[in-house]
Amino acid sequence: MKVVSLYLENFRNIEKTGFDLSGGVNVFYGRNAQGKTNLLESIYVFTSGKSFRPAKDKELIMHDKEKAVLNMTFFAENRNNEYDIIFYSDKRRREAKINGVPIKRNMDMAGNFYTVLFAPEHLNLIKEGPGERRRFLDQAISVLKPKYAKAVEDYEKILTQKNALLKDIYKYPQLEATLDVWSEKQANVGAYLMFMRNSYIKKLGEIARKDHLELSNGKEELKLSYIHSGKESENEFYSLEATRSFLAKEISDMKNEEISAGMSLVGPQRDDMEVTVNQMSAKMFCSQGQQRSAVLSIKMAEGDLVYETTGEQPVMLLDDMLSELDRPRQTYILKKITDRQVIITGCDRARYKNIDNVKFFNIKNGTIIEC
Ligand SMILES: Nc1ncnc2c1ncn2[C@@H]1O[C@H](COP(=O)(O)OP(=O)(O)OP(=O)(O)O)[C@@H](O)[C@H]1O
Ligand SMILES: [Mg+2]
């Protein structure tokens, strides 16, 4: 899968631009706050219809403009495809078309074009709390399974409703019957999230383990495990049905505690992905450099898994990432992804001058010039 050309109008600080990309490496360089991350974001939007930043659609449109227009030609399934997206400032819905055919539901925007994004924030994948890791998992799985993206949204809504109810039930005990209805919904959708996350982590972990052994010259054994927050976290989640009855029982066992706490206390919203290196918690015991390597292996594995699942190589989006890594890791990453198209942003171009099939673009104040 490759981006052949891109055209943007009023996307963030980019007023109007259009260019062809190299099928190899593309470097967008420029000073801070010129539009480098915005450019990557515009390409990422084609992956799922959403930004990787927690941005509302409206924020993607240049200030005071009515709409942002994005058009991309990408090569996939042995042919060129046209992908159009328009965001309107006064409408909640975006318009999207592939090869002229409208995409009606937002969830159908996933599964057409694949990218793997690697940004400095991803280093928090190990350092920070479980929320970062859940976000990573949800994004990675959603790209491969649009149904999962929908389930994540549904689950959030169910949880909001249930929590509101749990707050009130103390005062109005007659609401208890309604609570059971919401708990059942929570168990159904929540179990699907848990089951999918668990099986994704198993596959991802296997690939990341191999990548990481290679990256560390056989010295470090990386392991990823799904950690369920509930009492019996050793449960295997071997089937969707087993996960569902497990979660339903757990929610029902916690009912009184949830009522007194006035909020939901169990479910995938509290789960985590544990990362260990040589059987020790990467968060607690790994050096800064080891943590970086572990994240690198996880992200590379994410890309491998896209290829394994879809048969298409994802486009790699590296936001100001290589400058964060030392030389051996930079070399490793660039060598490893030669069969993929790479789009890199950074402050200087000198670093990339010895690469084959590379194209340079300068970004200044939202204007992009091919060099
Ligand atoms: N909707 C918008 N309309 C106009 N300008 C915007 C909009 N959203 C963001 N910007 C501006 O775009 C500018 C460039 O942002 P971007 O994140 O792409 O910078 P960058 O080149 O990646 O910088 P850095 O090197 O610091 O990461 C910012 O100054 C921001 O204020
Ligand atoms: Mg940036």
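Here is a short chat about helices, a sheet and salt bridges in this predicted model.

Colleague: What should I know about the numbering and the model?
Modeller: Residues count from 1 along each chain as its sequence is written, chains are lettered from A and ligands numbered from 1 in the order in which they are written. The model is predicted, so local features need pLDDT of at least 70, side-chain atom pairs need 80 or more, and totals for chains, interfaces and linings use all residues, while side-chain values use heavy atoms, without hydrogens or water.

Colleague: OK, helix H5. What is its span?
Modeller: H5 covers residues 176-215, and its end C-alpha atoms are 54 Å apart. Expected span means 1.5 Å times one less than the number of residues. Helices are DSSP runs of H or I, at least four residues; strands are runs of E, at least two; both are numbered from the N terminus.

Colleague: And just after H5, which residue has a positive phi?
Modeller: Asn217, at about 50 degrees.

Colleague: Now H4. Which helices do its buried residues pack against?
Modeller: H3, H5, H6 and H7. Contact here means heavy atoms within 4.5 Å. Among the buried residues of H4 are Tyr148, Val152 and Leu166. Buried means under 20% relative accessible area, exposed over 50%, and partly exposed in between, with a 1.4 Å probe and protein chains only.

Colleague: How many salt bridges are there in the whole structure?
Modeller: A search finds 19. A salt bridge is a side-chain nitrogen of Lys or Arg within 4 Å of a carboxyl oxygen of Asp or Glu.

Colleague: Which residue pairs with Asp154?
Modeller: Lys150, at 3.2 Å, N to O. Both lie in H4, 4 residues apart, about one turn of the helix.

Colleague: What about Asp211?
Modeller: Asp211 forms a salt bridge with Lys336, with the closest N and O atoms 3.1 Å apart. Asp211 is in H5 and Lys336 is in H10, so the pair ties together parts 125 residues apart in sequence.

Colleague: Is Asp211 buried or exposed?
Modeller: Buried, with a relative accessible area of 4%. Lys336 is partly exposed, at 27%.

Colleague: Switching to the sheet. What is the strand order?
Modeller: S9-S10-S11, an open sheet with antiparallel pairing. S9 and S11 are the edge strands, and each pairs on one side only. Two strands pair if DSSP finds at least two bridges between them. S9 and S10 pair over 6 bridges.

Colleague: Which residue in S10 is the bridge partner of Lys223?
Modeller: Thr276.
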